[in-house]
Amino acid sequence: MRRSDFHYDLPPELIAQRPPAERAGARLLTLEGAPMLPCDRLFRDLPQLLRPNDLLVFNNTRVMRARLFGHKESGGRVEVLIERLIAPDEALAHVRASKSPREGSRIRLAEGACLQVLGREGALFRLRACDLGYAELMDAYGHLPLPPYIQRPDDTTDDARYQTLFARHEGAVAAPTAGLHFDEAMLARLADMGIERAEVTLHVGAGTFQPVRTDDLDQHQMHAEWLEVSEAVCAQVERTRSRGGRVIAVGTTCVRSLETAAAGGSLVPFRGESRLFIRPGYRFRVVDAMVTNFHLPESTLLMLVAAFSGYASIMNAYRHAIAEGYRFFSYGDAMFLTRAEVEGDLSG
């Protein structure tokens, strides 16, 4: 398949610019029956789709206040987006300026704080915090890095709503958005049903928003993201299998985490970077169902869900969602997907 196979036209007004009034207040599109056809529900209906022996897997990454604004010593304005912390005072970052800063130069932030440019590593700049460490810098001056399709500055609402309730390990520059729909009442209701929870960590990078630049998918270089799947999670998955339950990933980040850890054929603990590119034809080893938001046209995440539930079924579901006015992307509505019987099916 080619990148152009995953194109769809989205009216701009369907891109959600703010979260719903309540976390669990979104709509939920499911694929049901054989062939799988779209069915309109509410996210509050999710417990009706789950079974007592199921295991829900969440991503517990926390979004950093990774966007910093400053200026070069020459006076030019600079926007810094931290991609990854590599030491308390060093980071790899995207730098947006009229002209790229030179090695050895400094980026001045508010009140005298600054970053020194140590060099480049590919598209990223290696930056050292001159005085304060990055934790202090981000706490004092940082902004939540809302996705590029949200056309407004971050505000106090985002401080809470662009983090999941289970966000613990700071390191992401984008939220695992499927998890944003879960509130305390929903989590308590699922626990009362006997549905277990597990947590993995995948620090979502800015590469998640980067377009696929080649129509030939074999030529696409997948961005790297750091993740951890613990021994305890592997044991939970094994217990779930033994009692006939399903492994349900909350978000594509959890799918990538679990499938990366099972790349050798069976699920084992994993800690490190993943460049796993899941597209139609991929054979899933761990995940049986997933909760996910809607994804950008021609994106690797749209390719992932097409691999999971069948290309034709997913593209038909997206056409339905557009016709029915669903809200798209990070603050938008959700889908509940089950794995297609024929994995990698291109006909749906």
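**Entry 1: helix 6.** I listed the buried residues of helix 6 and found Thr-300, Leu-301, Leu-302, Met-303, Leu-304, Val-305, Ala-306, Ala-307, Phe-308 and Ser-309. I note that the model is a predicted one. Helix 6 spans residues 300–309, and ten of its ten residues are buried. I then looked up what covers them: the buried residues pack against strand 1 (27–32), helix 5 (252–261), strand 16 (289–293), helix 7 (311–323) and strand 17 (334–338). After helix 6 comes Gly-310, with a positive phi near 100°.

Entry 2: I traced an open sheet of nine strands in the order 2-1-17-16-14-3-12-13-15, with mixed pairing. Strand 2 (37–42) and strand 15 (270–274) each have a single partner strand, so one side of each lacks a neighbour in the sheet. From one strand to the next, the twist averages 25°. I checked strands 16 and 17, which pair in the antiparallel sense over five bridges. Asn-293 has Ala-334 of strand 17 as its bridge partner.

**Entry 3: cavities.** I counted two cavities of 30 Å³ or more. The largest has a volume of about 340 Å³ and is lined by 27 residues, with Thr-177, Thr-208, Thr-252, His-295 and Leu-301 nearest its centre. Helix 5, strand 16 and helix 6 each give two or more residues to this lining; helix 5 supplies the largest share, three residues. I sorted the lining of the largest cavity into 13 nonpolar, twelve polar and two charged residues.

The second largest cavity holds about 60 Å³ of space. Its lining consists of Pro-19, Pro-20, Arg-23, Arg-161, Leu-180, His-181, Ser-330 and Tyr-331.

Key. Residues are numbered from 1 along each chain as its sequence is written. This is a predicted model: local features need pLDDT of at least 70, side-chain atom pairs count only at pLDDT 80 or more; totals for chains, interfaces and linings use all residues. Side-chain values use heavy atoms; hydrogens and water are left out. Buried means under 20% relative accessible area, exposed over 50%, partly exposed in between (1.4 Å probe, protein chains only). Helices (H or I, at least four residues) and strands (E, at least two) are DSSP runs, numbered from the N terminus. Contact means heavy atoms within 4.5 Å. Two strands pair if DSSP finds at least two bridges between them. Axes are lines fitted to C-alpha atoms, for helices over the stretch in contact, and angles run from 0 to 180 degrees between N-to-C directions. On a 1 Å grid over the protein atoms alone, a cavity is a set of points where a 1.4 Å probe fits but cannot get out, and a pocket is an open set with protein on both sides within 12 Å along at least five of seven lines; lining residues have an atom within 4 Å of a point. Grid points are joined across faces, edges and corners, and a volume is the space filled by probe spheres set on the points. Ala, Val, Leu, Ile, Met, Phe, Trp, Tyr, Cys and Pro count as nonpolar, Asp, Glu, Lys and Arg as charged, and the others, Gly among them, as polar.
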